[in-house]
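Here is a short briefing to read alongside the model. Take a look at the sequence and the structure, and then let us walk through them topic by topic.

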Amino acid sequence: MNLTLVVSRICKSFNAKPVLKDCSFSFEKSGTYVLMGPNGSGKSTFFRICALLEEPDAGEVRYFSGTEIVKKDVQLRRRITLLLPRVGVFNTTVSKNVSYGLRIRRTKGIEINEKVDKALEFVGLTHKRNQNALTLSSGETQRIGIARAIVLEPEILFLDEPTASVDQENTAAIEDIILRMKGKGSSIVIIATHDMPQAERLADRLLIMKDGRIVST
Amino acid sequence: MDSIIEGFSKAFFLILNLDQELLSIIFLSLEVSGTALIIATTLGLPLGALTGLKKFPGRGFIISLLNTFMGLPPVVVGLFLYLLLSRRGPIGFMSLLYTPSAMIIAQLILAFPIVAALSHSAIVKIEPLIKQASLTLGATPFQVTTTVMKEARYGIMAGIIASLGRVMAEVGAILIVGGNIAGYTRVMTTTIALETDKGNFELALALGIILLTISFIINMVLYLIQRKGVLQTGK
């Protein structure tokens, strides 16, 4: 059964300043959702709560497999993946960075190699597989983040401002990767961006976040 | 000047002839400092990891305490430990005073805060990004901890080596609680102090040369570890 996400009236404040106010939405149909909104509108907080990195002050995030609610544990976290705006790469080779998620899932070595090869080819980093990941440019680092996420074939993939810190060339490359991802692996991809033209290029469904709420779709 | 040159030549003679007294002093020094370091690492590393990875009440107090204790004056440690271990002291019944065990405890007190505080610093420096990265990739809490520790390895190793340097060169605390008993609690630094007082510069110089060499090796290893970390990141 495909994993779906229902967010019900979540609220979150930082230092008494509300960031999310009764924010609700259901991500039930497969496709690419783009959450548009200016910086500070609460997109990242929304993503972090949905990806179970943070708890909301009020409201609820529920994952469903068919009609059954899925328990929020490590097994659920392994079915979803969040790519943060600043990718934290490990001080090791690019291929070991990409294989990290598979290794902690105790995937077999041959399968790891095959999947890592495919993911690196997909993001165009095959030639850098043995290079230390910390020596790469910000655009390449972002692509490692994407490879590290797609290699796990998550059912729901969150991409938080995937092109925020990269140049135009890498932005185009990353957008191309996202467009090519459609129909492969993750059934639901949710992207946060503040760039309207980018949102229009990538979205199957466009969502607007304003004042801590998803206000229009 | 002649006495210095003569002292050096006799010192080299002792070193090259592997003088038994010299060797026993060196081995005891390494045994005491090595044991203290192993225990300090066993206790300090988990505390550094705990304060680096978890937020809990009193965390700030513990971090401040560790940072303060990093600069503990060895003679003060020696004094307090002496009061604790002396016959009239609360743990005097254990008869540890003037034994290598007392010296290990003294060096442990000096090394522990350094290992814990520097491990903490190494972990908090990389913690938020690495912790979040491993969590978002589906790591269990244990896997998150091991990943963060692995990523902080160069900083942690630097802390352990820095504390080894501190305890190897320390004299005040172990002199007070060890008593500098020949063949039993006499280590390199205490021998240097004693032999200098007696005017026997040969053995003091020989040990000084060896201590400097060990200190150089420790610093070289520290440099190579830090360089390796820098080379890998290219930053």
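**Briefing on the predicted model**

Chain B holds 10 helices and 0 strands, and this picture comes from a predicted model. Read along the sequence, its pattern is therefore simple to write, as α-α-α-α-α-α-α-α-α-α. Chain A brings in an open sheet of 4 strands, and the two chains meet through 16 residues of chain B and 21 residues of chain A.

**Chain B as a whole**

- Along the principal axes, the C-alpha atoms of chain B fill a box of roughly 65 × 50 × 25 Å.
- Chain B has 235 residues, and 40% of them count as buried.
- Among the contacts in chain B with a separation of 6 or more, 77% are between residues 24 or more positions apart.

- Helix H7 of chain B covers residues 153-168, which is 16 residues.
- The buried residues of H7(B) include B:Gly155, B:Ile156, B:Ala158, B:Gly159 and B:Ile160. Further along the helix, B:Ile161, B:Ser163, B:Leu164, B:Val167 and B:Met168 are buried as well.
- B:Gly7 sits in helix H1 (residues 2-16) of chain B. Is B:Gly7 buried or partly exposed? It counts as partly exposed, because it has 18 C-beta neighbours inside 10 Å, whereas a buried residue needs 20 or more.
- Leaving aside neighbours within four places in sequence, B:Gly7 is in contact with B:Phe201, B:Glu202 and B:Leu205. The C-alpha atoms of B:Gly7 and B:Ala204 are separated by 8.9 Å, although these residues are 197 residues apart along the chain.

**Where the chains meet**

- On the chain B side, the elements that give two or more residues are helix H5 (100-136), helix H6 (141-151) and helix H10 (201-233).
- Which of them gives the largest share? That is H5(B), with 6 residues.
- By type, the residues on this side of chain B divide into 6 nonpolar, 8 polar and 2 charged.

**The sheet of chain A and its helix**

- The strands of the open sheet in chain A follow the order S2-S1-S4-S5, with antiparallel pairing.
- Strand S2 (17-27) and strand S5 (68-70) of chain A are the edge strands, each pairing on one side only.
- Neighbouring strands of this sheet are turned by 30 degrees against each other on average, direction ignored.
- Strand S4 (residues 58-65) of chain A is joined to S5(A) by 3 bridges, and the two run antiparallel. One partner to check is A:Val70 in S5(A), the bridge partner of A:Tyr63.
- Helix H1 (residues 43-50) of chain A packs on the sheet, where it touches strand S1 (3-14), S2 and S4 of chain A. The direction of this helix makes about 125 degrees with that of S1(A).
- H1(A) is mostly covered, with 8 of its 8 residues buried; among them are A:Lys43, A:Arg48, A:Phe46 and A:Phe47.
- Just after H1(A), A:Leu52 takes a positive phi of about 65 degrees.

**The nonpolar core**

- The largest nonpolar core has 122 residues, and those with the most contacts inside it are A:Ala147, A:Phe158, B:Ala106, B:Ala111 and B:Val177.
- H5(B) supplies the largest share of this core, 21 residues.
- Setting aside neighbours within four places in sequence, A:Phe158 is in contact with A:Phe47, A:Cys50, A:Ala51, A:Leu82, A:Leu83 and A:Ile190.

Terms used: Residues are numbered from 1 along each chain as its sequence is written. Chains are lettered from A and ligands numbered from 1 in the order in which they are written. This is a predicted model: local features need pLDDT of at least 70, side-chain atom pairs count only at pLDDT 80 or more; totals for chains, interfaces and linings use all residues. Two residues are in contact if their C-beta atoms, placed from the backbone, lie within 7 Å. Ala, Val, Leu, Ile, Met, Phe, Trp, Tyr, Cys and Pro count as nonpolar, Asp, Glu, Lys and Arg as charged, and the others, Gly among them, as polar. Two strands pair if DSSP finds at least two bridges between them. Axes are lines fitted to C-alpha atoms, for helices over the stretch in contact, and angles run from 0 to 180 degrees between N-to-C directions. The expected span of a helix is 1.5 Å times one less than its number of residues. A residue is buried if 20 or more other C-beta atoms lie within 10 Å of its own, exposed if 12 or fewer, and partly exposed in between; C-beta atoms are placed from the backbone. A nonpolar core is a set of buried Ala, Val, Leu, Ile, Met, Phe, Trp, Tyr and Cys residues joined through C-beta atoms within 7 Å.
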